[in-house]
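Let's take a walk through this one, starting at the ligand and then moving on to the charged pairs.

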Amino acid sequence: MCGIIGYIGTAQAAPVLLEGLRKLEYRGYDSAGVAVLEGGGIDTVKTSGRIEALAEKVRAAGGLSGSVGIGHTRWATHGVPNETNAHPHVSSDGRFAVVHNGIIENYVELREELISQGVSFRSETDTEVIVQLLDRCYDGDLKQALMRTVSRLRGSYAIGVLSASDPDVIYASRSAMPLILGIGAGENFFASDITALVSHTRNVIDMDDGEFAEIRRDGISVFDHSGKLIRKPERRITWDIAAAEKNGYDHFMLKEIMEQPAALKASIEPRLRDGRVVFEGLELDMSRFDRVLITACGSAYYAGCVGRTVIERLCRVQTEAELASELRYRDPVMDERTLVIVISQSGETADTIAALKECRSRGAFVLSIVNVVGSSIAKLSDFVIYTWAGPEIAVATTKGYTTQVAVLEMFALWAADRLGRVSPERYAEIAAGIARIPERAQRALDLNASVRRLAKRYHGNSSLFFMGRDLDYAVSLEGSLKLKEISYIHSEAYAAGELKHGTIALIEPGRLVIALCCCERLFEKMVSNIQQVKARGAKVLAVACEGERRIFSEADDVLLVPRADEILMPVTEIIPMQLFAYHVALENGCDIDKPKNLAKSVTVE
Ligand code: AGP
């Protein structure tokens, strides 16, 4: 969702801000803006639409000269995405500019209070109250004014502040929204995430809730909510800068699909030692839990649906998966005997954070599976297992999802062993299968050319179905979401046995049904379901395991993926579906990395 960036140094701020905003584009946005301190005043340029349009306006405005500035990409929540509602927002007297990611829940009350004091508002946003309030609170001390301002705010925020009265400093503060500080030489930064800064510095400070950063050219001071100076550890970013670039690929999504063997290797290999699964530092007595609850949103939830089946099957412990966006509303029964597994690529998903807090407040132990180090979910959990997928930029997750599934499979084996529920032979068999996941993922990628041909044939379908049973059903949920989110084609995933309970009424001649048939035990039943939809004129594209001959006489098109133990199939089985979604979207001319209305990191509930 919204992205913020701030710069103070000796270089021209505008190009640094625009470059940073381009890197934040992946978060999802519909308008953007920058503000730069120039000649004792604040110059602001804003636009609805893309960063390129903003860069063009900056050029037309003469380039904005000045070495201190802030920038923003906005994903509209309060007010339409137009130039007036775009950030930075400037106080009525023009002294202050603010960029903000998050939602100010009490903005109506604050707005009314300020209006009663004579302040007039220009935008429909919640953010404008921050800058107008800051202006009212300022009596010559910007830090105090900001502290007073945020003490009045309810909701979530990462804020960046620019002041014409204080030209040698910028401020940043956060509460429940991501914010990091970048440390350079004679220049310093703040941003929503490291991708915006990594071309300038690899040394960062992770901000925590309630903290303020005073950022000057020659140093950064961080204060707690009471204004007391605190020491914050620095962290060095080790991933290659190329990881956040397209590297010759047309889209981040395709690059990230192709990176899956490497991402899986990075997530699996360090945790497999002499054929044993090892999670460094995880000392969990599994016998203290009588149930496992997995919670997440979107694709991470679908990874959880795979995890639910695998954990329950191997550990023989009751395991459920529940949408994080729903969990709170049903007043869930849980206590210290519940192990909650929270899954999130970004570690910043608002609904997932809310569910996590709810579970912790009820005494559950929270283990999270997260890709972004230092993210909010990582900080709030009792234990974190990182997926080492590297930065994921495309809105549609691919390597994020497969590494989550792989880690869940490893955790299931680890936990089953702790509980004494898996024989040494079966343990060795599964561990060996896990070790070969990256190689199988690589072979699944060889299907790219065949998938592209199928996408050319089927991209015109306006609606289609995915079906599968058991783990295949869990994978079909993710396959369907992938297609929907980037190609805008209506698609639904059905448990194959459910089709005949209603949905089969929608099957008509020419309708494409994608049948996932990688659970060998259930193959015959899937064949029956394929026959049922074919009898009504559907075209069937089947995904099955290599060596499966019978499927050729049943389906119109077949994609064969490398065979593995049934519980390890999801990681490879999803890959042709990711490629299918990609190529269909390409054929249909969609903006693959930035699908309409979507954001990479969904930081509002
Ligand atoms: C996946 O392609 C989606 N863009 C989305 O469903 C995503 O998985 C969901 O928003 C959860 O994100 P998280 O993993 O960062 O928590």
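What follows looks at the ligand site and then at some salt bridges in this predicted model.

## Around the ligand

Start with the neighbours. The shell around the ligand holds 15 residues, and the ones that come nearest are S344, Q345, S346, T349 and E485. By type, that shell splits into 6 nonpolar, 7 polar and 2 charged residues.

In the side chain of T349, a polar atom sits 2.4 Å from a ligand oxygen. For S344, the distance from a side-chain N or O atom to an oxygen of the ligand is 2.6 Å, and for a polar side-chain atom of K482 it is 2.9 Å. On its own the ligand has 410 Å² of accessible area, and the protein covers 90% of that. Two elements give two or more residues each to the shell: helix α8 (298–315) and helix α16 (471–487).

## Between two domains

Where does the ligand lie relative to domain 2 and domain 3? Both domain 2 (246–435) and domain 3 (442–605) supply shell residues, so the ligand lies between them.

## A charged pair in α16

K482 turns up again here, this time with E485: the two form a salt bridge, with their closest N and O atoms 3.2 Å apart. Both residues belong to helix α16 and are 3 residues apart, or about one turn of the helix.

## Bridges across the chain

Across the whole structure, a search turns up 47 salt bridges. One of them pairs R313 with D470, at 2.5 Å from N to O. This pair ties together distant parts of the chain: R313 is in helix α8, while D470 is in the loop between β23 (463–468) and α16, 157 residues apart. Both partners are partly exposed, R313 at 29% relative accessibility and D470 at 31%.

E109 and R154 make another salt bridge, their closest N and O atoms being 3.9 Å apart. Here, too, distant parts of the chain are linked, with E109 in helix α3 (residues 107–116) and R154 in the loop between α5 (142–151) and β7 (155–163), 45 residues apart. E109 is partly exposed at 43%, and so is R154 at 46%.

Conventions: Residues are numbered from 1 along each chain as its sequence is written. This is a predicted model: local features need pLDDT of at least 70, side-chain atom pairs count only at pLDDT 80 or more; totals for chains, interfaces and linings use all residues. Side-chain values use heavy atoms; hydrogens and water are left out. A residue is near a molecule or strand if one of its heavy atoms lies within 4 Å of it. A polar contact is a pair of N or O atoms within 3.5 Å; within protein, one must be able to donate a hydrogen and the other to accept it, and residues adjacent in sequence count only if both atoms are side-chain atoms. Accessible areas come from the Shrake-Rupley method with a 1.4 Å probe; for residues, only the protein chains shown count as cover. Helices (H or I, at least four residues) and strands (E, at least two) are DSSP runs, numbered from the N terminus. Ala, Val, Leu, Ile, Met, Phe, Trp, Tyr, Cys and Pro count as nonpolar, Asp, Glu, Lys and Arg as charged, and the others, Gly among them, as polar. Domain bounds come from an automatic or database domain assignment. A salt bridge is a side-chain nitrogen of Lys or Arg within 4 Å of a carboxyl oxygen of Asp or Glu. Buried means under 20% relative accessible area, exposed over 50%, partly exposed in between (1.4 Å probe, protein chains only).
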